[in-house]
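The sequence and structure come first.

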Amino acid sequence: MNATALPRTPALTSRLPNVGTTIFTVMSALATEHGAVNLGQGFPDFDNDPALSDAVTQAMREGLNQYPPMAGVAPLREAVSLKVEALYGHRYDPTSEITVTAGATQGILTAVLACVGPGDEVIVLDPCYDSYVPNIELAGGIVKRVALTAGSFRPDFAAIGAAITPRTRAMIINTPHNPSATIWRAEDMQALAELLRPTEIVLICDEVYEHMVYDGRPHVSAASLPELAARTFVISSFGKTYHVTGWKVGYVAAPAPLMAEFRKVHQFNVFTVNTPMQHGLARFMAAPAPYLELPAFYQRKRDLFREGLAGTRFRLLPSEGSYFQCVDYSAISDLSEEDFCRWLTREIGVAAIPLSAFYGDGRNQGLARFCFAKRDETLRSALERLQGL
């Protein structure tokens, strides 16, 4: 060996050659650089309930700091089972059908890896959350994109049906929907059940915003339809529900045969999840008020934000669920969505996210997404800057 040779890093063939820095990271960095109000990335800027932090601290002090069971601590799985049964009428066995995950993102990846193999096709509905497609590609699957209906973001069941082939292994849906803030209704879920009935397709249902549905509408979980529950991984997020996104704790519920395969993957990509936080969450969930009151809490913020934008040239799209508000800015600018959001951040001082980032083809429709999961003073500061538009 030549002693003077420089150290060399081996070259890798990228598993995700089309993935770069996410638009969320880009826009947050730009907001910081320009002192802009960050309504781009979807996380609260207010604190969680101190009682939840106290419950976690107490668990630490009680010595609950070592590895928990791989599937999650029993009290938390039992609390999830009770909540889901009370809200959606379906009972999941906490022993064999519920697993605590390191956030919903890990839950989605694990579900994909558990059921998708090389050459399997997976249907995703554009626009969609940015982790879905890379997850499928990491599993060796083939992504089949079907666009939601332009303008309304409703599911197009004729197009979905046309995308199904004998190689379709799974489908990913999201309600309440990020980025469009729409929700699936009971008739949508029933139509999906009928479409999937003759197939062996596994459904992965991302329901992380399940407790953020407005104007008296219900959240229709896939768990609420027995026919769908029998084929579905239902995914939710304690981080979204309890304003602790940085804790990265979520859960997945599925029929025992599906969950058995899920856990085979789960035990080798994270094994288990933070112990004291699991115990703290289990104790906090004994009182349902925090999640039952969440729709009213966020609807007030939504209404404050929408009322503040009412006098601008933005056209407000419906915000039925999640903590997002989409706007059509075509009366303000003919810039592309990404260029408009960059301009808005630099020149107006408010960061938003272009909807084009959620589409496979990067289509531009003159739409941007704001997050209203912010303190009232943050929203008012943003509105003062936006109201001149």
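## Packing of helix α7

The buried residues of α7 pack against α6 (157–163), β5 (168–174), β6 (202–206) and α8 (226–229). Contact here means heavy atoms within 4.5 Å. Helices (H or I, at least four residues) and strands (E, at least two) are DSSP runs, numbered from the N terminus.

Helix α7 spans residues 186–196, and its buried residues are D188, M189, L192, A193 and L196. Seen down the axis of α7, they fall within an arc of 140°, so they line one face of the helix. The arc is taken from the directions from the helix axis to the C-beta atoms. Buried means under 20% relative accessible area, exposed over 50%, partly exposed in between (1.4 Å probe, protein chains only).

## Basis of the model

The model is predicted: local features need pLDDT of at least 70, side-chain atom pairs count only at pLDDT 80 or more, and totals for chains, interfaces and linings use all residues. Residues are numbered from 1 along each chain as its sequence is written, and side-chain values use heavy atoms, with hydrogens and water left out.

## Salt bridges

A salt bridge is a side-chain nitrogen of Lys or Arg within 4 Å of a carboxyl oxygen of Asp or Glu. The count is 18 salt bridges.

E210 pairs with K83 in a salt bridge, with the closest N and O atoms 2.9 Å apart. E210 lies in the loop between β6 and α8 and K83 in helix α3 (residues 74–88), so the pair ties together parts 127 residues apart in sequence. Both residues are buried.
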